[in-house]
Amino acid sequence: MNDAVNGVYINGAWRAGHEVLEVINPATEACLALVSVGDARDVTQAVDAASQAFIDWSKSTGRDRGALLRRIASGVSARREPLMQLQARNNGKPLFEAAIDVDDVVATFEYYAAVAEAMDATQDVAVALPDEGFSARLRREPCGVVGLIVPWNFPMVTTAWKLAPALAAGCCVVLKPSEVTPLAELQLARIIADAGLPDGVFNLVCGTGLAVGAPLAADRRIAKISFTGSNAVGVQVMQRAAETIKGVSLELGGKSSLLVLADADLELAVELACGGGFFNAGQMCSATSRVLVADSLADEFLQRLQTRAQGIRVADAFAEDVEMGALINRAQYQRVLGHIRRGIEDGARLLCGGERPADLPKGYFIRPTVFTDVPLDSALWNEEIFGPVLCVRRFATEQEAVTLANNSDFGLVASVVSRNLDTAERVANALQVGMVWINAPQVIFPQAAWGGYKQSSIGRELGPWGLAAFQEIKHVIRSN
Ligand code: NAD
């Protein structure tokens, strides 16, 4: 217990929890750290502290909250390198990917700092009524104490997308990081703790989903749960939250398509397929798992894709020229290999990859994998794989491509490659997803909304929608 890092921060104080968990480096399978994690008792105390702090914090000015968010952004910026290193070690992602994560966190806190600073002028706005006997104003208020539950694939980013708008809105927070990747999160929490937030505004309880996440979702004093993770756990969170009619925001899984239209730039299409499929070793809710290619281009596209995928350097996050790192842990590694095996049994044709690289006997590595001729009713085509696996199918018409892309329980994102922007925009409008990239990599800006249709999401993060998720609306009407 003595060697363990304290994984509980409540009311401005760090402390040990009630159990110690090992944190693993997925590239070496070695233990990186021990973290002392909390349970339901800590959740209760964290919610106590947050409820008390909410009395004053909810009355603070947007200007003051903005200044604190700016301090967090510059604290993260100043610790960019160590945060990248921690993220690379704990997640197995190459340093260049870890850098994107840290920069995204900075951009998100800066964006919501500006949003908070602009809020004082717009907290109350007049509402035009059709009856001169009355006048009304609309007031936006923080919704209360909120619980934030995040996954392991982009730990700091998924945290920032919830935490920055929640603090900007004037909410107090209890954050539960993934038990798999708490290290960069703990460092981020130290930066937040040093930024000067009043005690109790930000609380953190590391721990497992059952010991910490479940009681957080059940606590009746929590106004809202914002959850990012799997659909299976999303259902449980919603069920628990339903018992006290809590608001929920859910960011869940995806099965997203890249549509390569007949006039596409093939080189760009191959780059986008590899970026969408193999970034973060494919462990992305927005992963390009379906690639739909126009018949006329398919043979050449597949040839180029295979060459590119086979040339991707898979290695430890710190190795020179590394392009793709390890998967997060043994369970995920075995799950993805299971999907690959089952895909072959179901009749899909394995073009390349599908196994561990020969030069990496240790660590949870899988070579970039490409399947073609994937049966439409197979698990490989329909379920979220969350690993470096692309499934390619050909299409004859634009309508067929759109139908193939839309035929999913998910609706998170899609990408379109075409030289004709009118065509690309028309296809973008026909896709049932929350975000479409045209001839572009999966760039994300805090100003634009994040979230999807169907079973991918409830609500939207980022932009003004991310803030609205943490606000209540009040109308005050008076007789004139
Ligand atoms: P997960 O659902 O297993 O865990 C997510 C979080 O929920 C973790 O902190 C976990 O400890 C906690 N949890 C587990 N059981 C719980 C319970 N019963 N009650 C409350 N909390 C509980 O997901 P994961 O494996 O960490 O992440 C991968 C999933 O996240 C994928 O499905 C991916 O698509 C999704 N994801 C979605 C987005 C998005 O923006 N849509 C972004 C990133 C990840």
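# A first look at this predicted chain

Three bridges join strand E9 (residues 172-176) to strand E10 (residues 202-205), and the two strands run parallel. This is a predicted model, in which local features need pLDDT of at least 70, side-chain atom pairs count only at pLDDT 80 or more, and totals for chains, interfaces and linings use all residues. Residues are numbered from 1 along each chain as its sequence is written, and side-chain values use heavy atoms, with hydrogens and water left out. Welcome to the tour, which goes from the whole chain to single residues.

**The chain as a whole**

- The secondary structure comes to 15 helices and 23 strands; helices (H or I, at least four residues) and strands (E, at least two) are DSSP runs, numbered from the N terminus.
- The radius of gyration of the chain is 23 Å, which agrees with the value near 23 Å that a compact globule of 480 residues would have. That radius is taken over C-alpha atoms, and the globule rule is 2.2 Å times the number of residues to the power 0.38.
- Along its principal axes, the C-alpha trace spans about 70 × 65 × 40 Å.
- Of the 480 residues in the chain, 56% are buried. Buried means under 20% relative accessible area, exposed means over 50%, and partly exposed is in between (1.4 Å probe, protein chains only).
- Among contacts between residues at least 6 apart in sequence, 72% join residues at least 24 apart; contact means heavy atoms within 4.5 Å.
- The chain carries 43 positive and 54 negative side chains, and the centres of these two sets lie 4 Å apart. Lys and Arg count as positive and Asp and Glu as negative, while His and the chain ends are not counted. The place of a charge is taken as NZ of Lys, CZ of Arg, CG of Asp or CD of Glu.

**The eight-stranded sheet**

- Eight strands form an open sheet with mixed pairing, in the order E3-E2-E10-E9-E8-E11-E12-E22.
- At its edges are strand E3 (13-15) and strand E22 (457-458), each of which pairs on one side only. Two strands pair if DSSP finds at least two bridges between them.
- Valine 174 has asparagine 203, in E10, as its bridge partner.
- Asparagine 11 is in the loop between strand E2 (8-10) and E3. With a relative accessible area of 42%, asparagine 11 is partly exposed.

**Strand E17 and its partners**

- Strand E17 (residues 389-395) is largely enclosed by the rest of the structure, because five of its seven residues are buried.
- Strand E14 (residues 288-294) pairs with E17 in the parallel sense over five bridges, and alanine 294 stands opposite phenylalanine 395 in E17.
- Strand E16 (residues 369-372) also pairs with E17 in the parallel sense, over four bridges; here threonine 369 stands opposite valine 389.

**A hairpin and some positive phi angles**

- Strand E4 (residues 19-24) and strand E5 (residues 31-37) run antiparallel and are joined by six bridges. Valine 23 stands opposite alanine 33 in E5.
- The hairpin of E4 and E5 has six residues between the strands, and glutamate 29 takes a positive phi near 70 degrees there.
- Most residues other than glycine have a negative phi. Asparagine 11 has a positive value, near 55 degrees.
- Aspartate 321 also has a positive phi, near 65 degrees. Aspartate 321 lies in the loop between H10 and H11 and counts as exposed at 59% relative accessibility.

- Isoleucine 312 is in the loop between helix H10 (295-311) and helix H11 (330-345), and counts as buried at 10% relative accessibility.
- Leaving aside neighbours within four places in sequence, isoleucine 312 is in contact with Cys274, Phe278, Glu323, Met324 and Pro368. Isoleucine 312 and methionine 324 are twelve residues apart in sequence, with their C-alpha atoms 7.2 Å apart in space.
- Glutamate 243 is in the loop between helix H8 (231-242) and strand E12 (247-251), and counts as exposed at 65% relative accessibility.
- From glutamate 243 to threonine 369 is 126 residues in sequence and 43 Å in space, C-alpha to C-alpha.
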